[in-house]
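I opened this notebook to record what I looked up in one model, entry by entry.

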Amino acid sequence: MIELRLIREQREKIEARLWTRDESIDLSEIVALDERRRELISDVERLKAELNQGSQEVGRRKREGESADDLLANLSELSDRVTGLDEELRDTQLRIDDLLALLPNVPHESVPTGSKDEYVVLRTVGDKPERSFPIQHHLELAESKGILDFPRAARIAGAKFPMYVGAAARLEMALIQFMFFHHANRGYTPVLPPFMANSKSFYVSSQLPKFEDDIYRCERDDLYLNPTAESLLVNLHQGEILEADELPKQYVAYTPCFRREAGSYGEEERGLIRVHQFNKVEMFKFTTPESSYEELENVIADAESVLQALGMHYRVVLLTTKDMAQQATKTVDLEVYLPGQGRYYEVSSCSNCETFQARRGNIRYRPAPKEKPQFVHTLNGSGLATSRLMAAILENNQQEDGSVRIPEVLQAIVGAETL
């Protein structure tokens, strides 16, 4: 979350940047509550000092055989006032924390101001596939081959849950295996985390409280199904103090992901574009503040290396202030081209969250021996999401005879050259 001190000292600057994300944001209540909080702290400290002095005086009088009845009555009244002020202070702090938890991160200066459609294309890699025959939508192609079965998946779980069958199941597992080991071999520590997390962990990741309605929850156990491994990996060092020479710490994890994905999205409703369950390989880094933007470029490059290995045409897009996740201060997406639909879709989102999540999780590092700990910066990046990647392979690698060429790096794992 945003540091309260910064809001107090730089309100106009921070408010102006937050307005580029949401014009309705108003920091006035937080500022007023902070002023009241500091007044309460001062009053409580003053009254507690009076209580301490009064208690000492009562002790002196009793030792000398003097009456302390008048002082005891006054101390009882002071104690009641302190109790009341302490309760108000707790309530005030809770309200401040609730309001801070709903605020998005302050956008980095390099992030363009604008709506979702005003993104900036940083670069385009490769050429769009050109075919002399009509390219089928991945859903139609997969269903004709019997390798994607949404009707039976709906019978098992409900609408928008995919089921891969036969060659598609082999290709899905090949994608997961290839990407997981690809990043592990590039210096990321591999992790297979729990696929569920408690409310504290989801608060640290910034899924809670703002996005509670979008997450699947097991109420009996107060556990949430993982929407992205970022929510899990950010908590690896919750409450810890790391040493500077340990950073950056970088992890790669495979997890299934579960999202409600409410709403209607037109063409996105078809096939694998927007589903309730999908697989993803996720990269995550804990860094020093000085190195975090260099490390963001490294995360982007690592995500791109997967698309390059798969021979995909893609573009790199810098998101605008209004299109970033709450916790992000800067986000760059990788988008693959789906010729069956004639448009690009995001397959990786790489973000720097600076200290936003670290403050929630109290994740710090010590810059040098005996120095005061500071908050780390956290970064995340899909490495990649498989559902849209599967769609991209089916649409980009179609052959005129109806077969689909499997990317060369996956052929040995799948055990075939075509689907």
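**Entry 1: a loop residue.** I began at Glu354, which lies in the loop between β11 (343-352) and α11 (356-361). The model I am reading is a predicted one. I looked up the backbone of Glu354 and found a positive phi of about 45°, although Glu354 is not a glycine. Its relative accessibility is 23%, so I list Glu354 as partly exposed.

**Entry 2: another positive phi.** I then went to Ser206, which is not a glycine either and yet has a positive phi of about 85°. Ser206 is placed in the loop between α8 (199-205) and β4 (217-218). Is Ser206 buried or exposed? I noted a relative accessibility of 0%, and Ser206 therefore counts as buried, the cut-off for that label being under 20%.

**Entry 3: cis peptide bonds.** I looked up omega next, and found that Leu247 and Pro248 are joined by a cis peptide bond with omega about 0°. Pro248 belongs to the loop between β6 (241-243) and β7 (249-258). I also wrote down a cis peptide bond between Gly383 and Leu384, where omega is about 25°. Leu384 has its place in a strand, β14, which covers residues 377-385.

**Entry 4: the chain as a whole.** Before going on to the helices I noted some totals for the protein chain. I counted 13 helices and 14 strands in its secondary structure, and its C-alpha atoms fill a box of roughly 105 × 45 × 40 Å along the principal axes. Of the 419 residues in the protein chain, 51% are buried. I also looked at the contacts with a separation of 6 or more, and 73% of these are between residues 24 or more positions apart.

**Entry 5: α7 against α10.** I took helix α7 (residues 167-184) and helix α10 (residues 292-309), whose axes are 11 Å apart and which pack at an angle of about 135°. I therefore describe α7 and α10 as oblique to each other, and I recorded their crossing as right-handed. Which residues meet where α7 and α10 come into contact? From α7 I listed Phe178, Met179, His182 and His183, and these meet Asp302, Ala303, Ser305, Val306 and Ala309 in α10. I kept in mind that an α-helix has 3.6 residues a turn, so residues three or four places apart point the same way.

**Entry 6: α5 against α12.** Helix α5 (residues 138-145) packs on helix α12 (residues 386-396) at an angle of about 80°, and I noted that their axes are 9 Å apart. That angle makes α5 roughly perpendicular to α12. On the α5 side the contact is made by His138, Leu141 and Ala142, and on the α12 side by Ala391, Leu394 and Glu395. I then checked how far α12 is covered, and found 11 of its 11 residues buried. Among the buried residues of α12 I noted Arg388, Glu395 and Asn396, as well as Leu389, Met390 and Ile393.

**Entry 7: aromatic rings.** I counted six aromatic pairs. One that I looked at is Phe180 with Phe181: the ring centres are 5.6 Å apart and the planes stand at 90°, so I call the pair edge-to-face. Phe180 is buried, with a relative accessible area of 13%, whereas Phe181 is partly exposed, with 46%. Elsewhere I found Tyr251, Phe284 and Phe286 linked into a cluster by ring pairs. I also looked for a charge over a ring, and found the charged end of Arg360 over the ring of Tyr203, 4.6 Å from its centre.

**Entry 8: Leu99.** My last entry is for Leu99, which is found in helix α4 (residues 69-102). At 15% relative accessibility Leu99 counts as buried. What does Leu99 touch, not counting residues up to four places away in sequence? I listed Glu29, Ile30 and Leu33 as the residues that Leu99 touches on that count.

Definitions and conventions. Residues numbered from 1 in each chain as written. Predicted model: local features only at pLDDT ≥ 70, side-chain atom pairs only at ≥ 80, totals over all residues. Heavy atoms only, no water. Phe/Tyr/Trp six-rings, centres within 6.5 Å; stacked < 30°, edge-to-face > 60°. Buried < 20%, exposed > 50% of the residue type's maximum accessible area, 1.4 Å probe, protein only. Lys NZ or Arg CZ within 6 Å of the ring centre and 35° of its normal. Helix = DSSP H or I, 4+ residues; strand = E, 2+ residues; numbered from the N terminus. Axes fitted to C-alpha atoms, helices over the stretch in contact; angles between N-to-C directions. Parallel < 35°, antiparallel > 145°, perpendicular 65-115°, else oblique. Left-handed = near helix turned anticlockwise from the far one by under 90°. Contact = heavy atoms within 4.5 Å.
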